[in-house]
Amino acid sequence: MAEGQDSSADKSEEPTEKRLQKAREEGQLPRSKELNTMAVLMAGAGGLIIFGESLGLALKNVMKHSFSFPRDVLFDMRQMAFFLGSAFFEVAWAMAPFLGVLLVASILGPVGLGGWLFSTKALAPKFSRMNPIEGIKRMFSVKSLVELVKAIAKVTVVVTIALLLLDLHTEELLAIGNEPVIPAMGHALDVLKWIVFWLACSMIVIAAVDVPFQIYDHTKKLKMTKQEVKDEYKDTEGKPEVKQKIRQLQMEMAQRRMMQDVPQADVVITNPTHFSVALKYDGDTMAAPIVLAKGGDEIALKIREIANEHEIEIVAAPPLARAIFYNAEVGHEIPEGLYVAIAQVLAYIFQLRRFRQGGNPKPHMPDFPVPDDLKHD
């Protein structure tokens, strides 16, 4: 097969959710004409059974009134119009429930498979359908052959059941001819409604075959090649190099924001060569010291440079620096187990500042305690 050629043999992958959603937006849903026909016929037959008697009585009354008006009405156009309008509204009122059932069925039938959808894209004209060559191809396609077989099967089933019903009711239908007119009308209507009902039931068999086929055919059209699945994944998740670049930019932005917060720190604790952690504590607004910035290697060096520029105290405490670096995130409070150590650091800085002002002797740097569960080598 030539490279880039697409065929149904290559489309071995089930359609993805994105592909299904796109097809839905374009108005491509599995639809079954046989299901629609079955719904309308079944509703019509059921409506005839339920409302047939009242409909028959209404028609009888209309016929009775239409043939029993006085002679002078024939020569009065206004009276004739009144009789005609009265007959129309009486029939319309009697047929309204029956027509309402058909209306509901005609709406629910199409949405029974695929659900409700209104798509303007489906209404847009497609000039490719006007191509006579493509039209001829569709006429002799597999789908057209299937539709032909379905049509033949549908006619065969309906005709067979109709002949069986006529054979079953032959004597009863012939006997109606010997009955008076009014009883014969009711009897004929009763027989007719059950014949229509069983004919409608024959469509259940056809719809039961057509619905799975339409679902299969719809899914088959939307199947994808392995390359299409890969391309869609790339479009959805993004190309790896693009995602890496985005992550890199996000990290750079986060680092810039972090570096902007370093001048607000009270102390920078260092490893001193590999790690630096900038801390801030305000007893009035904070429950515990928070980490303004942290980093290793080049970032650690940059934190120390900014700290020197803004005369922020730098304390070399390797175990404590590693403990904060590995157990606390930027913008969060330090772990509870490090409260004592940080309190000693802040007290040491306070004493160191007093010493530089000439008010106290030079303080001795304590051994800041770090719990064993927070230590990192």
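E329 pairs with K294 in a salt bridge, with 4.0 Å between the closest N and O atoms; the term covers a side-chain nitrogen of Lys or Arg within 4 Å of a carboxyl oxygen of Asp or Glu. The model is a predicted one, so local features need pLDDT of at least 70 and side-chain atom pairs count only at pLDDT 80 or more, while totals for chains, interfaces and linings use all residues. Residues are numbered from 1 along each chain as its sequence is written, and side-chain values use heavy atoms, with hydrogens and water left out.

Helices here are DSSP runs of H or I with at least four residues, strands are runs of E with at least two, and both are numbered from the N terminus. K294 is buried, at a relative accessible area of 15%; buried means under 20%, exposed over 50%, and partly exposed in between, using a 1.4 Å probe and protein chains only.

By the same rule, the count comes to six salt bridges. Another of them joins E313 and R356, whose closest N and O atoms are 2.3 Å apart. This pair, too, links distant parts of the chain, with E313 in strand β4 and R356 in helix α13, 43 residues away.

Most residues other than glycine have a negative phi, yet D297 has a positive one, near 55°. D297 lies in the loop between β3 (290-296) and α11 (298-309). E311 likewise has a positive phi near 55°, and its place is the loop between α11 and β4 (313-316). E311 is exposed, with a relative accessible area of 72%.

Turning to the helices, the axes of α6 (residues 142-168) and α8 come within 9 Å and cross at roughly 165°. That makes α6 roughly antiparallel to α8, a label for angles over 145 degrees, with under 35 counting as roughly parallel, 65 to 115 as roughly perpendicular and the rest as oblique. Axes are lines fitted to C-alpha atoms, for helices over the stretch in contact, and the angles run from 0 to 180 degrees between N-to-C directions. The crossing is right-handed, meaning that the near helix is turned clockwise from the far one by less than a right angle, with anticlockwise being left-handed.

Helix α8 (residues 181-222) also gives the most to a nonpolar patch, with three residues. The patch consists of M63, F67, V181, I182 and M185, and together they have about 540 Å² of accessible area. Patch members have over 30% relative accessible area and no salt bridge, with nonpolar side chains (Val, Leu, Ile, Met, Phe, Trp, Tyr) joined within 5 Å and like charges within 9 Å; areas come from the Shrake-Rupley method with a 1.4 Å probe, and for residues only the protein chains shown count as cover. F67 lies in the loop between α2 (33-66) and α3 (77-111) and is exposed at 70%.
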